[in-house]
Amino acid sequence: MENLPFGRMITAMVTPFDEAGELDVPRVKQLADRLVVGGNDALIINGTTGESPTVFYPQKMELFRAVLEAVDGRVPVIANVGDNCTADTIDFALKVQELGVDGFMCVVPYYNKPPQEGMYQHFAAIARAVKLPIVLYNIPGRCVVNMEAETTLRLARDFENIVAIKEASGRMEQVEAIVAGAPEGFAVYSGDDSATLPIMERGGVGVISTIGNVAPERMRQLVYLAAEGNFAEAQRAHDQLLPLMEGLFTTSNPILVKEALKLVGFPVGGVRLPLVSATPQQSAELKAIMEAVGVL
């Protein structure tokens, strides 16, 4: 994994809550350990799958501390610090940096609908302010706007600590353009489990995964088969897991990821409003998919 400080298989960890909907620190530590043992090369904490919009700054800090303690240096810990306010992102990142995390993930500003130059200046300001490596996160489905390949490449070339992008645009021509134009050492990760193989076939290095919470060993196998160039076997692994990759997203993430963890016997609590727990029908359908793909 030369030139890959965070490896290839990275799970965006869910955030465990207790029955009162508060942060469940003991379960956070248990889940982080489970994911490391399951074969993750790194963990992203409090991303979309970690319900970042409803985990406020003091709890984010508590969450990061708990994961760092549980992981104890075994794999890199990447803290999601991205916000749609540049000043707030920088202020928070500087505080989180002192905890000892290994890197940051920063999302394209949502709701503001910045133009490409605004995106560039947002990430440039963050990169200048912090010391740690940064993973950009492009997800137009949630942010409304798409960060174009040219903007990503400009950032990658201008700032040594902007080291990767999580691409969840679904635009394969954009992935190809980033891979083709990226400076040495800049990594492109799939931001969707189901797009991992197509992106790796185009030069991507791995995935920032949701299904990794539930079946990390299976997703790791797919990623490393593709990394070895064994695309036929990787395709078989992809096809076997695809029903679950898609099934976890039949409603808003991470509702069904948390339900899946409950079904495998590792409950992590519910979700915070405005998300709601899986319905009995959704749970039954998910269980059938999990049984069919061999996760249950």
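**Around Thr49 and beyond**

Setting aside neighbours within four places in sequence, Thr49 makes contact with Ala12, Met13, Val14, Thr15, Thr210, Asn213, Asn253 and Pro254, where contact means heavy atoms within 4.5 Å. The model is predicted, so local features need pLDDT of at least 70 and side-chain atom pairs count only at pLDDT 80 or more, while totals for chains, interfaces and linings use all residues. Residues are numbered from 1 along each chain as its sequence is written, and side-chain values use heavy atoms, with hydrogens and water left out.

Thr49 sits in the loop between strand E2 (42-45) and H2; helices (H or I, at least four residues) and strands (E, at least two) are DSSP runs, numbered from the N terminus. Thr49 counts as buried because its relative accessible area is 4%, buried being under 20% relative accessible area, exposed over 50% and partly exposed in between (1.4 Å probe, protein chains only). UniProt, in an unreviewed entry, gives Thr49 and Ile208 the feature "binding site". These two are spread over 160 residues of sequence yet cluster in space, with a largest C-alpha distance of 10.6 Å. UniProt positions follow the numbering used here, feature names are shortened, and annotations may be inferred rather than shown by experiment.

Ile208 belongs to strand E8 (residues 206-209) and is buried, since its relative accessible area is 1%. Beyond four places in sequence, the contacts of Ile208 are Ile10, Ala12, Ile44, Val135, Lys166, Tyr189, Ser190 and Gly191. Lys166 turns up again in the record: the unreviewed UniProt entry lists Tyr137 and Lys166 under "active site". Spread over 30 residues of sequence, that pair clusters in space, with a largest C-alpha distance of 4.7 Å. Tyr137 is also part of the lining of the largest pocket.

Tyr137 lies in strand E5 and counts as buried because its relative accessibility is 4%. Lys166, found in strand E6, is buried too, as its relative accessibility is 5%. With neighbours up to four places away left out, Tyr137 is in contact with Thr48, Met105, Cys106, Val107, Val108, Lys166 and Ala168.

The largest pocket holds about 560 Å³ of space. On a 1 Å grid over the protein atoms alone, a pocket is an open set of points with protein on both sides within 12 Å along at least five of seven lines, a cavity is a set where a 1.4 Å probe fits but cannot get out, and lining residues have an atom within 4 Å of a point. Grid points are joined across faces, edges and corners, and a volume is the space filled by probe spheres set on the points. Of the 27 residues lining the largest pocket, Glu51, Ser52, Pro53, Thr54 and Tyr110 are closest to its centre. H2 and helix H5 (140-143) are the elements that give two or more residues to this lining. As for cavities, there is one of 30 Å³ or more. Its lining is made up of Glu167, Ala168, Ser169, Gly170, Arg171, Met172, Val175, Ala195 and Ile199.

H3 (residues 86-97) has twelve residues and reaches 16 Å from first C-alpha to last, close to the 16 Å expected at 1.5 Å a residue; the expected span is 1.5 Å times one less than the number of residues. Buried residues of H3 are Thr89, Ile90, Phe92, Ala93, Val96 and Gln97, and their cover includes helix H2 (57-71), strand E3 (77-80), strand E4 (103-107) and helix H4 (116-129). In H4, the buried set is Met119, Tyr120, His122, Phe123, Ala124, Ile126 and Ala127.

The largest nonpolar core has 108 residues, and Val67 and Phe104 touch the most other members. H2 gives the most to this core, with eight residues. Such a core is a set of buried Ala, Val, Leu, Ile, Met, Phe, Trp, Tyr and Cys residues joined through side-chain atoms within 4.5 Å. Not counting residues up to four places away, Phe104 touches several residues, among them Ala93, Val96 and Gln97.
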